[in-house]
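Here's a quick briefing to read with the model open in your viewer.

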Amino acid sequence: MTSDNRFFSAIPFFLAVAVLHGCGGGGGGSRTPPPPPPDTTVPTVGAIQTAAASSFNRTTTLSVTASDNVGVAEVRFLVDGNLIGSDTTAPFSVAWDTTAVADGNHVLRAEAEDVAGNVAQSAELTVAVQNTLQFTPSLSGAEGIRRPV
């Protein structure tokens with residue numbers, strides 16, 4: 001009498017499928033948690049701080065405070081709407097070379113962007129740049145000079 005091994009060879013396969021199904025390995029028993037709600041809160045940006053001066057020349061430091069409920073990714077500094085630099089680490093600041101602009105009034109602004117892409121702007125600050133030295137000739141003391149006779 002010959003034995004039929006087909007029945008016994010199928011038992012390991014049946015047991016392996018039953019074990020995998022019971023462990024959540026293929027039956028949809030595990031679920032991915034829902035994504036967090038989108039971040040719609042814009043950052044807050046303080047007023048731009050500068051050196052206490054009525055006019056600026058050469059290089060001066062601009063700084064601003066910024067915060068966000070998730071995190072500030074970058075603060076950009078603009079002069080007359082043109083980007084002059086950015087910072088990604090608090091305290092947020094940039095060195096502004098005022099020789100790159102003409103003498104006169106200029107408008108400073110900062111923009112803070114959070115990790116979700118929300119952007120907020122600081123209040124604008126108008127400052128005067130005076131890189132060209134102005135001399136006013138004076139003749140005082142000229143009366144003490146004598147001509148040789």
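Which kind of link do the side chains of Glu 113 and Arg 76 meet in? They form a salt bridge, at 2.8 Å from N to O. Keep in mind that this is a predicted model, with an average pLDDT of 82 for the protein and 69% of the residues scoring at least 70.

- Where pLDDT is low, the predicted coordinates should not be read in detail.

**Strand 8 and its partners**
- Strand 8 (residues 104-114) runs antiparallel to strand 5 (residues 72-79), and seven bridges join the two.
- In that pairing, Arg 76 sits opposite Glu 111 of strand 8.
- Strand 8 also runs antiparallel to strand 10 (residues 125-129), this time with five bridges; here Val 107 has Thr 126 of strand 10 as its bridge partner.
- Strand 9 (residues 119-121) pairs with strand 8 as well, antiparallel and over three bridges, with Val 119 of strand 9 standing opposite Glu 113.
- Strands 8 and 9 make a hairpin with four residues between them, and Gly 117 in the turn has a positive phi of about 95°.

**The salt-bridge network**
- There are five salt bridges in the structure.
- One of them joins Glu 111 to Arg 76, with the closest N and O atoms 3.3 Å apart; this pair links distant parts of the chain, since Glu 111 is in strand 8 and Arg 76 is in strand 5, 35 residues apart.
- Glu 124 is exposed, with a relative accessible area of 55%, whereas Arg 109 counts as buried at 17% relative accessibility.
- Through shared partners, salt bridges join Glu 74, Arg 76, Arg 109, Glu 111, Glu 113 and Glu 124 into one network.

**The nonpolar core**
- The largest nonpolar core has 19 residues, and Val 75 and Phe 77 touch the most other members.
- Strand 3 (59-64), strand 5, strand 7 (92-97), strand 8 and strand 10 each supply at least two residues of this core, and strand 5 gives the largest share, with four.
- In soluble globular proteins, nonpolar side chains tend to be buried together.
- Setting aside neighbours within four places in sequence, Phe 77 has contacts that include Leu 62, Val 64, Leu 83, Ile 84, Phe 92, Val 94 and Ala 110. Arg 109, a member of the salt-bridge network, is also among the residues Phe 77 contacts.

**Strand 3 and strand 7**
- Thr 60, Leu 62 and Val 64 make up the covered face of strand 3, while Thr 59, Thr 61 and Ser 63 make up the uncovered one.
- Strand 3 and strand 7 run antiparallel, joined by six bridges, and Val 64 has Phe 92 of strand 7 as its bridge partner.

Definitions and conventions: Residues are numbered from 1 along each chain as its sequence is written. This is a predicted model: local features need pLDDT of at least 70, side-chain atom pairs count only at pLDDT 80 or more; totals for chains, interfaces and linings use all residues. Side-chain values use heavy atoms; hydrogens and water are left out. pLDDT is the predictor's confidence in each residue, from 0 to 100. Two strands pair if DSSP finds at least two bridges between them. A nonpolar core is a set of buried Ala, Val, Leu, Ile, Met, Phe, Trp, Tyr and Cys residues joined through side-chain atoms within 4.5 Å. Buried means under 20% relative accessible area, exposed over 50%, partly exposed in between (1.4 Å probe, protein chains only). Contact means heavy atoms within 4.5 Å. A salt bridge is a side-chain nitrogen of Lys or Arg within 4 Å of a carboxyl oxygen of Asp or Glu.
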